[in-house]
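Visitor: I would like to go through the labels attached to this model and hear the grounds for each. Please set every value against its cut-off.

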Amino acid sequence: MADYDLIIRNGTVATGSDVMNADVGITDGRIAALGHDLGTAADTIDATGKLVLPGGIDSHVHIAQPSGPDVVQTDGFESGTRSAVFGGNTTVIPFCLQERGQGLRQAIKDYHAKADGQCYTDYGFHLIVSDPTPTVLGQELPAAIGDGYSSFKVFMTYEGLALTDAEILEVMTVARGTGALVMVHAENYDIIRHLTARLESEGKIEPRYHATSRPIPAEREATHRACTLAEVADVPVVIVHVSNGEAIEEIQRARARGVKVLAETCPQYLVLTAKDLEGLNMEGAKYVCSPPPRDKQSQDACWTGIENGTFDFYSSDHSPFRFNDEKGKLLPKGRTSFRWVPNGIPGIETRLPILFSEGVMKKRIDLPHFVRITATNHAKAYGLYPRKGSIAIGADADIAIWDPTITRTIRHADLHDNNDYTPYEGIAVTGWPVTTMVRGTVIVRDGVLAAQKGVGSFLKRGKSAFVPD
Ligand code: MN
Ligand code: MN
């Protein structure tokens, strides 16, 4: 009888606080020991020269999300989580979208039907509240929070999703009463509607004008308003996908007033710019997402926000549509105006390698910082800690083993999603996860898929560590 099911030997282990040379002993899907000369194991992985990190938690992804008539998101839960696990992730938290007129209970049921039995990673759901009826606010939402859907997102923009300030306050008040965490998509709907109509009337309809129609002031104002609403409702708030320095300043100002604001940024704001939307023949559609990528100055501000700890989270906002597809970026209606181009970009597999290479290898952040903003903080904020997000005794053995010496150029052909492009094509990176395990089950071994879909389980999430008792 072996001492452990699996031992990872000779690696450099990093957590959100420490880096150590240690072997990791795993039994029954959990981390049972950290140390040296641990003994025998049924299976051994030699991690000499490699980094042993907590598996990434991508807490901002859209998978199989209804996206309007004639538009289809290309990843279901099988391909989405397969791509995630090849990118060093072990947990994803996609959004479960309540469509207007639909009950929350039904939305949750629909998402489980899509996800259960399909996943390579563990998964939970944030709820998108688009229709805060009295039944939703009074019964369904509190019940869902108790069932493990302990966070939800509200939108300040988008037809069919945007809530009024009064509605957002109602939703935040439910969060106040139930201990849930509210995430906000902060862009000013009326500014975007106004500019979109004006651009269209001037014949400015190409994908590049998507960026023009959603300028920094629209995000800055909405960020300020979201923080203010949270201040009034007396709840913590997560500002997702922050793209520029002016929005960051609003977050810092709110924090200085004592508002508990958590902030997230994404790879598109670190390595893409609005210039990428200028490609001819709809090529720019490949980069249409909201908020749009900005300019070099905004990129620098987001990097500074990562370096100085302003950002708690780094997520992908994976929202995949094929490019060469009439149900994707080449939706015929999209040629009549940028407003119809399916909004979102893929990035679940490339999220971690981009930050590892640009952040850790270039010494903008150290390994524990990388671990915090890619895993530990997500686990803490979204009610998964200490089970997830660290390498610690008793935690789930969710681990990504990285080879920091691999150099490669990102090519869509090498990725494992169901898309036909990546917006990060051609970016050279150093470091890539080679082996990933979920609760001790090796899913990818030396770059090869080693498990069947369905090994990932639904996670009933508890209360956020950032919500007061
Ligand atoms: Mn959003
Ligand atoms: Mn999103």
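Guide: Donors are N, O and S atoms within 2.8 Å of the metal, and water is not among the atoms, so sites may look incomplete. The model is predicted.

Visitor: Why is His60 called buried?

Guide: Buried means under 20% relative accessible area. His60 has 0% relative accessibility, so His60 is buried. His62 has a relative accessible area of 7%, which is also under 20%, so His62 is buried.

Visitor: Which residues coordinate the manganese ion (ligand 1)?

Guide: Lys153 through NZ, His185 through ND1 and His241 through NE2, at 2.2 to 2.4 Å. Those distances are within 2.8 Å, so the three atoms meet the donor rule. The sequence spacing of these donor residues is K-x31-H-x55-H. Lys153 sits in strand β10 (residues 151-155) and His241 in the loop between β12 and α8 (245-256), so this pair, 88 residues apart, links distant parts of the chain. Both Lys153 and His241 are buried.

Visitor: How far apart are the manganese ion (ligand 1) and the manganese ion (ligand 2)?

Guide: The two ions are 3.4 Å apart.

Visitor: How do you know that Arg176 forms a salt bridge with Asp234?

Guide: The rule asks for a side-chain nitrogen of Lys or Arg within 4 Å of a carboxyl oxygen of Asp or Glu. For Arg176 and Asp234 the closest N and O atoms are 3.1 Å apart, so the pair qualifies. Arg176 lies in helix α4 (residues 165-178) and Asp234 in the loop between α7 (216-233) and β12 (237-239), so the bridge ties together parts that are 58 residues apart in sequence.

Visitor: How many salt bridges does this rule give?

Guide: The count comes to 29 salt bridges.

Visitor: What makes Glu187 and Arg214 a salt bridge, and are these residues buried or exposed?

Guide: Their closest N and O atoms are 2.9 Å apart, within the 4 Å limit, so the pair is a salt bridge. Glu187 is in the loop between β11 (181-185) and α5 (189-201), and Arg214 is in the loop between α6 (208-213) and α7, so the bridge joins parts 27 residues apart in sequence. Glu187 has a relative accessible area of 1%, so Glu187 is buried. Arg214, at 6% relative accessibility, is buried as well.

Visitor: Why is Glu307 called partly exposed?

Guide: Glu307 is at 38% relative accessibility, so the label applies. Arg364, at 30%, is likewise partly exposed. Glu307 and Arg364 form a salt bridge, with their closest N and O atoms 3.8 Å apart. Glu307 is in helix α10 (residues 296-307) and Arg364 in the loop between α11 (351-361) and α12 (367-381), 57 residues apart.

Visitor: Which residues do salt bridges with shared partners join into one network?

Guide: Asp122, Arg387, Lys388, Asp396, Asp398 and Arg439.

How values were computed:
Residues numbered from 1 in each chain as written. Chains lettered and ligands numbered in written order. Predicted model: local features only at pLDDT ≥ 70, side-chain atom pairs only at ≥ 80, totals over all residues. Heavy atoms only, no water. Helix = DSSP H or I, 4+ residues; strand = E, 2+ residues; numbered from the N terminus. Buried < 20%, exposed > 50% of the residue type's maximum accessible area, 1.4 Å probe, protein only. Donors = N, O, S within 2.8 Å, 3.2 Å for Na, K, Ca; no water.
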